[in-house]
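Welcome! Take a moment to look over the sequence and the 3D structure, and then we will walk through a few spots together.

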Amino acid sequence: MQHMESDHLVLTSVRRDFNNVAVVEDLSLTIKRGEIFVLLGPSGCGKSTTLQLVNRLLDLDGGSISLEGIDIETIDPVELRRSIGYVIQQIGLFPHRTVAENIATVCNLLGWSREETHARVEEMLRLVDLDPGIYAGRYPHELSGGQQQRVGVARALATAPATLLMDEPFGALDPIIRRQIQSEFRQWVQELGTTVVFVTHDVDEAVLLADRMAILGDRCRIEQLGTPLQVLGQPASRAVEQFLGHDRVLRALTVIPVTRAMTENADGGSPQNQGPILSSAASAHDALTLMLRNGSESVTITKSSGTSLGKVTWHTLIDAALKAQEGTT
Ligand SMILES: Nc1ncnc2c1ncn2[C@@H]1O[C@H](COP(=O)(O)OP(=O)(O)O)[C@@H](O)[C@H]1O
Ligand SMILES: [Mg+2]
């Protein structure tokens, strides 16, 4: 397969067997530099196996994988794993090392200077919203689950790896903390320009995080590939539709910016706000929630300056939902 300039990770007819049975059969996939690519599929379909083939914790039984155009089988596995961040559900923080020592792990392996490492540890702690003055010297057991997971992510991102593999990293967190970390995660990796391959079986998580996603069936067969809105709006099959759930249209609203579901003010900024007010950074789903909660027929959308931009009504919401289903948003 020809290597394109924007390709970061290319899987070509990848196969892996266990006990002579294929658990990943014929997976071909191109992940572009800088994107968050989500592998979404039911438990046991081969997602974790696929990630482990990428960082060579497992060997291929067929096909090939290339990273930035280089066949990974020509790269020393230890070196490869140092260059790729890997976050799993069981966090895997070293219990007898402090938070700072944990985050510094790969920096030390790569021979960074003490000053450089120290500065990076502080930067990473701030990135994941943990005050270095409070948390750097703590041990993992002195943190909550959510804080431990933040440290796990900070450790994986500390050397600003070009590639980050994440295997259901937020699965063990309680729903509120999980949602908070998910919503911050996109920003963390975008700041570092990292390409992310993110594995989950949670549709909401996939929709929230993905630039593009692949819906996987048995043995990692690709059922559908596209942006969250493409997949939610136009499921490729009954199977995909069922997997996404009967409320997939509601889910689609979570990825539609509210500004795509409103009518703009005719005069470009009327001061008279009617009904509840919502920021233009919100989603169409946020507007729907607000209308239901307030029993209101409409929501006024405002810029951060407070100027009113337009209005969402039941009508404009239904319009946006229909467009999403047609894949025309
Ligand atoms: N070390 C192993 N030995 C034998 N079978 C395995 C091994 N690891 C995974 N499998 C099997 O491969 C399949 C895919 O597993 P996995 O990649 O962990 O799925 P997922 O992460 O999508 O839940 C499962 O049927 C699992 O039982
Ligand atoms: Mg798994």
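Which residues surround ligand 1? They are Phe18, Val23, Gly41, Ser43, Gly44, Cys45, Gly46, Lys47, Ser48 and Thr49, where a residue counts as near if its C-beta atom, placed from the backbone, lies within 6 Å. This is a predicted model, in which local features need pLDDT of at least 70, side-chain atom pairs count only at pLDDT 80 or more, and totals for chains, interfaces and linings use all residues. Residues are numbered from 1 along each chain as its sequence is written, while chains are lettered from A and ligands numbered from 1 in the order in which they are written.

**Around ligand 1**
- Helix α1 (residues 47-54) gives the most to this shell, with three residues; helices (H or I, at least four residues) and strands (E, at least two) are DSSP runs, numbered from the N terminus.

**Strand β1 and its partners**
- Strands β1 (residues 7-18) and β2 (residues 21-32) pair in the antiparallel sense over eight bridges; pairing requires that DSSP finds at least two bridges between two strands.
- β1 and β2 form a hairpin with two residues between them, and Asn19 in the turn has a positive phi of about 50 degrees.
- β1 is also joined to strand β4 (residues 62-67) by five bridges, running antiparallel.
- Leu9 stands opposite Ile31 in β2 and opposite Leu67 in β4.

**An open sheet**
- Four strands form an open sheet with mixed pairing, in the order β11-β14-β13-β12.
- Its edge strands, β11 (263-264) and β12 (277-279), each pair on one side only.
- β12 runs parallel to β13 (residues 298-302), joined by three bridges, and Leu278 stands opposite Ile301 in β13.
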